[in-house]
Amino acid sequence: MSPENEVTMKLNLEGLLCPIPVVKVAKAVKDLPIGGMLEATATDPGVLADIPAWARTTGNEVIKIEREGKLVKFQLRRLK
Amino acid sequence: MEASTDGVTIVMLSGDMDKAIAAFSIAIGAAASGKEANMFFTFWGVKAIQKGNLTGNSFFGKMMGIMNRGGIDRIGPSRFNFWGLGRWMFNQMMKMHKVTPLAELRQTAIDLGVKLYPCQMSMEVMEIGKEDFIGEALPACGVATMLEMAYRSKVTLFI
């Protein structure tokens, strides 16, 4: 899939704490087509460990996850 | 029932707020990862799926209904409850840090398809009827049903 026609969804998880970010990510990914991308920002540092763990459990792919000051930003691709 | 073999089964014995938060969070995490999640509520745990009305038929049953009144908003923390003051304080702190309140966690679990089973034996002993439970509670069951869920699950927790 070329990056131009890739479906990207944005999600704001700022201010939310465990277990809600995982719930919202799971719901958002369900609405994406397979191969679609999710871009999200969060403030809960727990997301740094939890989103990759969720992706491993569900068979999806974290493209990038990083801290930017107080924010955690990540990109996730739906594979399943 | 599904043929899933990697779900989570939680036996919820405790009637404490902190433990209920943990139990619902785990069930939610599993359900959000596409896993089967079952919660079996027994003894003090049944409070978390009660509507909150007074219960009991006999004298002891009614006493129990007053002393151990059910309902998700009446559940206090396992430590520092101080007859409800601790619960209030905890709720304030949770609000301050934007932690999801217990009632909302339970609703999230329900929305994600977490199954809530009351224990029949606890209902008999504590004189709690099925009409005292929230509408989402499934029909009551016993140890064999709980074990059947546990055998099917990869993770079973007793909280």
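How many residues of chain B are in contact with chain A? The count is 12, and they meet 12 residues of chain A, with contact taken as C-beta atoms, placed from the backbone, lying within 7 Å. Helix 1 of chain B supplies the largest share of that side, 4 residues; helices here are DSSP runs of H or I with at least four residues, strands are E runs of at least two, and both are numbered from the N terminus. This is a predicted model, where local features need pLDDT of at least 70 and side-chain atom pairs count only at pLDDT 80 or more, while totals for chains, interfaces and linings use all residues. Residues are numbered from 1 along each chain as its sequence is written, and chains are lettered from A and ligands numbered from 1 in the order in which they are written.

A:Val22, A:Val23 and A:Ala26 meet B:Ile28, B:Gly29 and B:Ala32 here.

Now for the sheet of chain B: 4 strands make an open, parallel sheet in the order 3-2-1-4, pairing being called when DSSP finds at least two bridges. Strand 3 (115–118) and strand 4 (153–158) of chain B sit at the edges with a single partner strand each, so one side of each lacks a neighbour in the sheet. Strand 1 (residues 7–12) and strand 2 (residues 37–41) of chain B pair over 5 bridges, with B:Thr9 opposite B:Asn38.

Methods: Contact = placed C-beta atoms within 7 Å.
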